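Let us go through this model by question and answer. Please look at the sequence and the fold first.

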Amino acid sequence: MSGGAIPLLAWGALLVVLGAINWIWTGDAIQVETFAFAVLVIIGSAGALVLMSRQALRHGPPQPRGDPEAVPQVSVAAVVAGLSVGSIAFGFVFGAFFTLFGFGMLVASLGRLAIEVRAQRRSERSLKEGRS
């Protein structure tokens, strides 16, 4: 991933500025702590990307590779997994139904994602062996 940490660092810098303004404006400890936690999570995520790959700080397209790569298609299971996590979080605040429904959707979508990953690996293996 080329340049993946740059937007996170920009977002973290914006949160620092907004947090400082909020601190001056309200001085409320809970709001300042919330902004500080958000900044730590965002900048920590950028740091994790940089530690995984130095390409995360470079501009431009990534270096070309000669290996065959699987091209991801639209995955409904990934979308449903994201929605189910949102439903679980919503359920923690507004009721057990959303939590249970979210857990059910999460289990089903993770199962489907496992099937998709297995098919992707099988496809990559057949490409490397020279079959099509």
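**A salt bridge and its helix**

The side chains of R112 and E116 form a salt bridge, 3.6 Å from N to O. This is a predicted model: local features need pLDDT of at least 70, side-chain atom pairs count only at pLDDT 80 or more, and totals for chains, interfaces and linings use all residues. Residues are numbered from 1 along each chain as its sequence is written, and side-chain values use heavy atoms, with hydrogens and water left out.

Student: How many salt bridges does the count come to?
Tutor: Side chains of opposite charge can pair when their charged atoms come close. The rule asks for a side-chain nitrogen of Lys or Arg within 4 Å of a carboxyl oxygen of Asp or Glu. By this rule the count is one.

Student: In which helix do R112 and E116 lie?
Tutor: Helices are DSSP runs (H or I, at least four residues), numbered from the N terminus. R112 and E116 are four residues apart, about one turn of the helix. Both lie in helix α4.

Student: Is E116 buried, partly exposed or exposed?
Tutor: Buried means under 20% relative accessible area, exposed over 50%, and partly exposed in between (1.4 Å probe, protein chains only). R112 has 44% relative accessibility, so R112 is partly exposed. E116 has 24%, so E116 is also partly exposed.

Student: Which residues form the positive surface patch?
Tutor: Patch residues have over 30% relative accessible area and no salt bridge, with like charges joined within 9 Å. Lys and Arg count as positive, and the place of an Arg charge is taken as CZ. R122 lies in helix α4 (residues 96–128) and has a relative accessible area of 47%. The patch is formed by R118, R121, R122 and R125.

Student: How far apart in space are V107 and A81, C-alpha to C-alpha?
Tutor: V107 lies in helix α4. At 63% relative accessibility, V107 is exposed. V107 and A81 are 26 residues apart in sequence. In space, C-alpha to C-alpha, the distance is 8.4 Å.

Student: What percentage of contacts between residues at least 6 apart in sequence join residues at least 24 apart?
Tutor: Contact means heavy atoms within 4.5 Å. The elements of the protein chain run α-α-α-α from the N terminus. Of the contacts between residues at least 6 apart, the share that joins residues at least 24 apart is 63%.

Student: What percentage of the 132 residues of the protein chain count as buried?
Tutor: The protein chain has four helices and zero strands. Of its 132 residues, the buried share is 19%.

Methods. Patches are made of residues with over 30% relative accessible area and no salt bridge: like charges are joined within 9 Å, nonpolar side chains (Val, Leu, Ile, Met, Phe, Trp, Tyr) within 5 Å. Accessible areas come from the Shrake-Rupley method with a 1.4 Å probe; for residues, only the protein chains shown count as cover. Helices (H or I, at least four residues) and strands (E, at least two) are DSSP runs, numbered from the N terminus.
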